[in-house]
Amino acid sequence: MAVDVVTETTQYLTFKLEEEMFALEIAKVREVLDFTTTTKVPQTPDYMRGVINLRGSVVPVLDLRQKFGMARAEKTVNTCVIIVEVELDGEKVVMGAMADAVQEVLDLEASQIEPPPRIGTRLNIDFLKGMGKHNDQFIIILDIDRIFAGATAAASEDVEDQRLSA
């Protein structure tokens, strides 16, 4: 009697920030939009680009390049906003992640993903799920829930610091 080997395959949406390839689990992605003008919200960190109107709902948009310490992106024809559904404080929230360009949807098996590298003790890499390998290229797999949880926590701390210093 043959035993079937079960290999878990997950789909990821890949996108570029500068020259690096990143990925999000497709289950977190609702849609991809062309980048439009955002409305800046006062007293938010630079990486919070602002909010957009998505069919009558206010959706915050985070610039992933700035969140990761890269240069602020200039808008191009490929610039897009990846609309994701994240879990913040036990609640599902719709948010936008700005990217330079969306690439493709990939199927990656668990054997194609390695744990995030240890990069010393001072760097926080909790937002990384792992490093995927596809066609001899590394793909940085992000934990979008942790990225947005960290962004909203930092935004509230910045607002609180400004209130205290006023």
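Visitor: How do β10 and β11 pair up, and over how many bridges?
Guide: In this predicted model, β10 pairs with β11 (residues 137-142) in the antiparallel sense, over 6 bridges. As an example of who faces whom, G130 stands opposite I141 in β11.

Visitor: OK. Which strands make up the sheet, and in what order?
Guide: It's an open sheet of 6 strands, and the order is β8-β1-β2-β11-β10-β9, with mixed pairing. The edge strands are β8 (101-109) and β9, each of which pairs on one side only.

Visitor: Which way do β2 and β11 run, parallel or antiparallel?
Guide: Parallel, and 2 bridges join them. In β11, F22 has I140 as its bridge partner.

Visitor: And what about β1 and β2, how do those two pair?
Guide: Strand β1 (residues 9-17) and strand β2 (residues 20-25) are antiparallel, over 6 bridges. K16 has M21 in β2 as its bridge partner.

Visitor: What sits between β1 and β2?
Guide: The two form a hairpin with 2 residues between them.

Visitor: New topic: aromatics. How many aromatic pairs are there?
Guide: The count is 3. One of them is F15 with F22: the ring centres are 6.0 Å apart and the planes are at 20 degrees, so this pair is stacked.

Visitor: Why does 20 degrees make it stacked?
Guide: Because planes under 30 degrees apart count as stacked, and the F15 and F22 planes are at 20 degrees.

Visitor: Are F15 and F22 buried or exposed?
Guide: F15 is buried, at 0% relative accessibility. F22 is buried as well, with a relative accessible area of 5%.

Visitor: Which other rings stack?
Guide: F68 and F127 do: their centres are 5.2 Å apart with the planes at 20 degrees, so that pair is stacked.

Visitor: Where do F68 and F127 lie along the chain?
Guide: F68 is in the loop between α1 (64-67) and β6 (80-88), while F127 is in the loop between β9 (113-114) and β10 (128-134). The pair therefore ties together parts that are 59 residues apart in sequence.

Visitor: How accessible are F68 and F127?
Guide: F68 is partly exposed, with a relative accessible area of 22%. F127 is partly exposed too, at 25%.

Visitor: What do F15, F22, F68 and F127 form?
Guide: One aromatic cluster.

Visitor: Which ring does the charged end of K67 sit over?
Guide: The ring of Y47, at 4.8 Å from its centre.

Visitor: Let's go to the core. Which residues have the most contacts inside the largest nonpolar core?
Guide: That core has 26 residues, and the ones with the most contacts inside it are F15, L24, I82, V84, L142 and F148. Elements giving two or more residues to it are β1, β2, β6, β7 (91-99), β10, β11 and α2 (144-165). The largest share, 5 residues, comes from β6.

Visitor: What is F148 in contact with?
Guide: Leaving aside neighbours within four places in sequence, F148 is in contact with L62, V84, V86, L88, M95, G96 and A97.

Visitor: And which residues does the second core include?
Guide: That separate core has 9 residues, including I52, A73, I83 and M98.

Definitions and conventions:
Residues are numbered from 1 along each chain as its sequence is written. This is a predicted model: local features need pLDDT of at least 70, side-chain atom pairs count only at pLDDT 80 or more; totals for chains, interfaces and linings use all residues. Side-chain values use heavy atoms; hydrogens and water are left out. Rings of Phe, Tyr and Trp (its six-membered ring) pair if their centres lie within 6.5 Å; planes under 30 degrees apart count as stacked, over 60 as edge-to-face and the rest as tilted. Buried means under 20% relative accessible area, exposed over 50%, partly exposed in between (1.4 Å probe, protein chains only). Helices (H or I, at least four residues) and strands (E, at least two) are DSSP runs, numbered from the N terminus. A charge sits over a ring if NZ of Lys or CZ of Arg is within 6 Å of the ring centre and within 35 degrees of the ring normal. Two strands pair if DSSP finds at least two bridges between them. A nonpolar core is a set of buried Ala, Val, Leu, Ile, Met, Phe, Trp, Tyr and Cys residues joined through side-chain atoms within 4.5 Å. Contact means heavy atoms within 4.5 Å.
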